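These are my notebook entries on a structure I looked up. I began with the charged side chains and then turned to the aromatic rings and the chain as a whole.

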Amino acid sequence: MPDAATGRPVGTPTPTAKDLRRWRRYLADERAEAAVYRDLAARRTGEERAILLALADAERRHEAHWLALLGGDVGRPLRGDWRTRTLGLLARRYGSVFVLALAQRAESRSAYATDADATPAMAADEQIHEEVVRGLATRGRNRMSGTFRAAVFGANDGLVSNLALILGVGASGASYAFVLLTGFAGLLAGALSMAAGEYVSVRSQRELLEASAPNPHARAAVPYLDIDANELALVYRARGMAADEAAQHARHVVGDAQAGGEAASSATGADDLETHGTAFGAAASSFAFFASGALIPVLPYLFGREGMTAVVVSTALVGLALLGTGATVGVLSGGSPVRRALRQLAIGYGAAAVTYVLGLAFGTTLA
């Protein structure tokens with residue numbers, strides 16, 4: 001029951017100015033996060049929409065907690081922190097798996113577990129919210145994983161391999177025209193090789209999965225099996241189930257099928273092809289991103305730069321691109337974008353440095 005004078009629950013200690021500032025910040029963040037989930041829900045349908053709206057309702061429950069503690073000291077409404085505001089902007093404009101991945105990280109940063117003014121239930125909610133958003137983001141990651149893997153690998157390979165090629169050839173004392181020609185030759189050869197490799201790789205993987213997938217016609221035979229002695233149990237045992245578990249599951253599937261149910265569908269297994277993408281999509285993505293990555297180290301030479309000036313500008317441009325690809329992978333994987341970006345930069349620069357040193361040594365030997 002709220003106190004008539006303060007508007008807070010009876011018995012609540014008088015808060016300090018620091019407490020009020022912290023509660024107002026929590027209140028603003030909860031309101032902003034609820035808005036993010038509503039914006040994401042507006043761009044989706046079905047089960048995903050219902051889940052996101054349920055998350056928004058949970059954030060409103062947390063909002064009510066801070067409103068109760070603040071009572072008459074709510075003050076002027078604050079804006080959420082810059083991370084949540086950015087997330088809201090992205091949610092309104094895009095609503096993609098990138099936004100869900102950012103929301104997953106936002107939920108993982110909750111301070112409720114160590115704040116005495118937040119209830120244990122609120123801290124537990126935030127942990128569960130992270131898992132809910134992780135599940136939603138995983139759906140999107142699975143849908144794009146095949147093409148995205150080819151894109152990231154292609155862009156990174158194009159950046160590193162062509163920078164290393166250009167620096168190595170340039171350090172050997174080759175002419176400006178020869179370095180430029182080498183860069184474009186490396187771009188075209190690498191892009192075609194990557195596209196062909198991705199096509200063969202993904203196509204082969206899909207063919208292996210298709211060969212391992214259960215025959216869809218097997219489902220039609222399930223209702224006619226003898227429930228007490230059927231070979232369906234052998235199917236489950238072949239997939240790794242223990243004998244007793246397989247027999248029990250097979251009896252359930254056959255019984256349900258004979259009764260007109262849908263449990264027999266479990267005999268056909270799951271389709272994992274979606275997570276690998278199409279062979280053509282992976283090849284096209286790999287070609288385009290390798291070519292775009294490989295073009296970056298060539299740009300200074302294309303615009304007439306030579307010598308050490310071209311080396312420095314090319315290296316700097318590739319460094320920025322490596323940071324970008326690394327941060328993108330970090331966001332999508334739910335990890336730290338900064339850590340992934342720095343790791344990508346270190347690996348790329350390391351490979352290029354080795355090639356540059358070898359080019360210097362080779363040029364000195366020729367001289």
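**Entry 1: salt bridges.** I found nine salt bridges in the structure, taking a salt bridge as a side-chain nitrogen of Lys or Arg within 4 Å of a carboxyl oxygen of Asp or Glu. I note the general point that side chains of opposite charge can pair when their charged atoms come close.

**Entry 2: basis of the values.** The model is a predicted one, in which local features need pLDDT of at least 70 and side-chain atom pairs count only at pLDDT 80 or more, while totals for chains, interfaces and linings use all residues. Residues are numbered from 1 along each chain as its sequence is written, and side-chain values use heavy atoms, with hydrogens and water left out.

**Entry 3: Asp19 and Arg22.** I looked up the salt bridge between Asp19 and Arg22 and noted 3.2 Å between the closest N and O atoms. Both residues belong to helix H1 (residues 17-42), where they are three residues apart and therefore separated by about one helical turn. Helices are DSSP runs of H or I with at least four residues, strands are runs of E with at least two, and both are numbered from the N terminus. Arg22 has a relative accessible area of 24% and is partly exposed. For this I used the classes buried (under 20% relative accessible area), exposed (over 50%) and partly exposed (in between), with a 1.4 Å probe and protein chains only. I also recorded a network of salt bridges that links Asp19, Arg22, Asp115 and Asp117.

**Entry 4: Arg31 and Glu63.** Which residue forms a salt bridge with Arg31? It is Glu63, with the closest N and O atoms 3.1 Å apart. Arg31 lies in helix H1 and Glu63 in helix H2, so this pair ties together parts that are 32 residues apart in sequence. Is Glu63 buried or exposed? Glu63 is buried, at a relative accessible area of 15%, whereas Arg31 is partly exposed at 32%.

**Entry 5: Arg60 and Asp57.** In helix H2 I found Arg60 and Asp57 three residues apart, separated by about one helical turn. They form a salt bridge whose closest N and O atoms are 2.0 Å apart. Both are partly exposed: Arg60 has 36% relative accessibility and Asp57 has 35%.

**Entry 6: aromatic rings.** I counted three aromatic pairs, where rings of Phe, Tyr and Trp (its six-membered ring) pair if their centres lie within 6.5 Å, and planes under 30 degrees apart count as stacked, over 60 as edge-to-face and the rest as tilted. Trp66 and Tyr112 form a tilted pair, at 5.7 Å centre to centre and 50° between the planes. This pair links distant parts of the chain, 46 residues apart: Trp66 is in helix H2 (residues 46-70), and Tyr112 is in the loop between helix H4 (97-108) and helix H5 (120-171). Trp66 is buried at 0% relative accessibility, and Tyr112 is buried at 5%. Together with Tyr26, these two residues form one aromatic cluster.

**Entry 7: the whole chain.** I recorded 13 helices and zero strands in the protein chain. Of its 367 residues, 38% count as buried. Among contacts (heavy atoms within 4.5 Å) between residues at least 6 apart in sequence, 74% join residues at least 24 apart. The accessible surface, from the Shrake-Rupley method with a 1.4 Å probe, comes to about 19700 Å², of which 62% belongs to carbon and sulfur atoms.
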